[in-house]
Amino acid sequence: MATASSNDDPAAPGAEAAPRFDREVNVGDIVFRAVTAFAGVLVILALALVVVDLGAASGRTLVRDGASFLGARAWDPVHGLFGALPFLYGSVVTSIAAVVGAVPIAFGIAVYLTEYAPLWLRGPLGFLVELLAAVPSVVYGFWGVLVLVPWLRTTGEPALASALGFLPIFQGPPVGNGMLAAVLIIGLMVLPTISSVSREVLSAVPLALREGAQALGATRSEMLRAVVFPYARSGLAGAVLLGTGRALGETMAVTMVIGNRPTIAASAFAPASTMATVIANQYDEASGAHLEALATLGLLLLALTVALNVAARLLAVRTRTAGSALPPRAPRASLLP
Amino acid sequence: MKHPPIDAPADAKMRAVGLSVQYGEKVAVNEVSLSLLSNEVLAFIGPSGCGKSTFLRTLNRMNDSIEGVKVKGSVELDGEDIYAADVDPVLVRRRVGMVFQKSNPFPKSIFENVAYGLRIAGVRDRGILAEKVERALTQAALWDEVKDRLDESGLGLSGGQQQRLCIARALAVEPEVLLMDEPASALDPIATAKIEELISELRKTLSIAIVTHSMQQAARISQRTGFFYMGKLVELDDTTTIFTKPNERATEDYITGRFG
Amino acid sequence: MSPYARRLFKDRLVAAACLGAALLAVAPLVAVLGHIAVQGVSGMSLALVADVARPDAIDGGAATGGLAHAFAGTGLIVGIACLLGVPLGVAAGVYLAELGDGRLGQAVRFSADVLAGVPSILIGVTVYALVVIPMRGPSALAGGIALGIMMLPTVARTTEALLRLVPDSLREASLALGMPKWRAVARVVLRTAAPGVATGVLVAIARVAGETAALLFTAGDSNAMPESLTEPTASVTVKIYEYALSPSPVRHAQAWAAALVLVAVILLLNITARAIVRPRASR
């Protein structure tokens, strides 16, 4: 490497005469910088490719007929009808319902693990909860298909219908495959995301603030309310947004239990479909306007998940900087899953 | 190095007997016995890592929530062992307040910071709260500076004001003992002077144990001083005695600046 | 009740609720893992990993055939993904940690974080358009590229985080010896952070090994052993998906057994990753 550069070096003929700084140092560092920067640029490129590809494949559907595409309820590829509403509805409703259900449990786990659990239990229990995230989506889906859905059909949904049947969402035939099954599976899958980020946020609350409350005779729950939650508020909100992003993008398990019907029904038992599942089910067989419509749904899904992720990260940064002049406890490098 | 005798006059407010603290394998406080009298300021001095802060924190059980800490021996408050099995640390801390090295106001308004201890103790009446908050802030010599902005965040105050806010917060619940862990170490000389003045004033109504890294400060504000070294209480005596004719060689070496 | 007793009661109530939440989260994990274990063990046979799929197993015939081709396919696809994702991810992480404080570094960091949150199905769609269509069909290569892209941000950000934990004094010490920066990074910094980087890689592998959505259109499916990188290739996850939705109990049994093996491998990878870091992280 160094010898190659000395060929066109004007000072090269006199090199043996005058001792000079070795050129090798510079070349090595230039290569080092170029190679690593190239890898970094590839990361940007990979993201850009996703955006550009979906944008190109969407054929400007959004620009051409944005409102009518987004607002239309009919999806019938055979007759050329492409409305995004059923999928937007399915994605948003299942994700929000799943997150709403998962948040209290996830916060409960996070609080238990940071505040109440005996020390010997914290490591193993935390690991166990994080294992929930390690089980592949398709395995949850498999379990959903063979265990959860049949149970919902024969036991869960009839029970809900007889207990809460006066509510429209618990009316209708107990199908099993449908929104409720999807919500339960998504909730289970976002639980570890929300709880592990919340746990990190809670344990970053400065010890000085905790001790300040305890020194005034606060019980643990009073300390949580007075200083821990106010300090961790935006970080916890970030955890929820991150979980919502995960929920929206969840594909395999959902497609296996949701019934995959492009309908908007009042009943939680009814089959539905989401942006992610319709892409998984139809993308490789689609062409023309159908493909454009699917790519547009992909673009919408991308925009939603990216927005949620960025917002979550901004909130996480705010937790670290605002709230108190005190340094956060355990300032360790955050390894978000 | 002989142990100082346990001094236990009848009017001792708090008394530690044979108190040891262990962090895992490390003995941080070793068999310390001493008493804190009513209406006195008792200072603890010693090189850093000598156990004086750890000892102070045992007096309101602040070490309880730290991983792997074991406390042996007993601490009595008005003759009652605060480490007895049926005693809740929450109730101990209600009577034995604490001010920390770094000011730690809650992310709340000035008023709510001071009112917090009262609120959790069950005071709901707005009038009583306002009255007690004003009294505590006045006691902490902060009232005049903040009376027009009680609704602003406590985090907007200067360092010295924040520390006085934390003192006011501790005083609001009318504790019988106040523990102070190097309360002025992060402050400028003017703010330090204010805090010291305040401590001398507070002595009229309660007992104070203070850890300080400044011997001058100990000499200025305390009636008695204890010298800690390597987890042991080497010597405890009237402050003037400690600083003029200490009994122990180690104490003398420390005050004359030969180590530490 | 005295005010104090009431406060204490409230505190206990909160503690109990939190414990309840933890149990509520662990219960389904135990249910799912328990079910996989029971069904998986009963469906386990040597043929599972020794034989490929036989058509006679489809309609409830004898439990012949296996998923050897799917295991081989997953191994192949994940291997390609590692060839792509590990060196590039580590290099990008080194860039972020050592040179990445400028604007480009910020952009790379931001992109990595965003990319990590992109639903995997969209990665699959992108690779479908960029690789599968030009190559006229799904392949192990396309699947490997999709998973490689998914590994990139995870490996890059863990590498960065762990390199930043290496004290600056170590960097300066090697630079002061006259080492060029690249050599200091390669010899000292990377070596010090190696266990952590390995952890990041293992976690990334564990994540993509269970991936399905990104493989649906990219790697495709097959019933034979993979013989080239450019042919449709089966994977364990896509096979589980396919068999789960089939009506055949024989297929279900095979899928349970495959799921058990897959989950066991993924858990093992996670536990190993944790074990590597454990001795260092003395909190």
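Modeller: Before we start, helices (H or I, at least four residues) and strands (E, at least two) are DSSP runs, numbered from the N terminus. Residues are numbered from 1 along each chain as its sequence is written, and chains are lettered from A and ligands from 1 in the order in which they are written. This is a predicted model, where local features need pLDDT of at least 70 and side-chain atom pairs count only at pLDDT 80 or more, while totals for chains, interfaces and linings use all residues.

Colleague: OK. What comes just after α4(B)?

Modeller: B:A141, which takes a positive phi of about 55°.

Colleague: And how many residues does helix α4 of chain B have?

Modeller: Helix α4 of chain B has 14 residues, 126-139. From first C-alpha to last it reaches 20 Å, close to the 20 Å expected at 1.5 Å a residue; the expected span is 1.5 Å times one less than the number of residues.

Colleague: Which residues of α4(B) are buried?

Modeller: B:K132, B:V133, B:A136 and B:L137. Buried means 20 or more other C-beta atoms within 10 Å of the residue's own, exposed means 12 or fewer, and partly exposed is in between, with C-beta atoms placed from the backbone.

Colleague: Why are they on the same side of α4(B)?

Modeller: Because they cover an arc of only 130° around the axis, taken from the directions from the helix axis to the C-beta atoms. On the other side, B:G127, B:I128 and B:E131 are exposed.

Colleague: What covers the buried residues of α4(B)?

Modeller: The cover includes α3 (110-120), α5 (143-146) and α6 (159-172) of chain B.

Colleague: Different topic. How do strands β1 and β2 of chain B run, parallel or antiparallel?

Modeller: They run antiparallel, with 8 bridges joining β1 (12-23) to β2 (26-37); strands pair if DSSP finds at least two bridges between them. One bridge partner of note: B:Q22 has B:V27 in β2(B). The hairpin has 2 residues between the strands, and B:G24 takes a positive phi near 60° there.

Colleague: Now the chains. How many residues of chain C are in contact with chain A?

Modeller: 79 residues of chain C, against 71 residues of chain A. Contact means C-beta atoms, placed from the backbone, within 7 Å. On the chain C side, α1(C) gives the most, with 20 residues.

Terms used: Contact = placed C-beta atoms within 7 Å.
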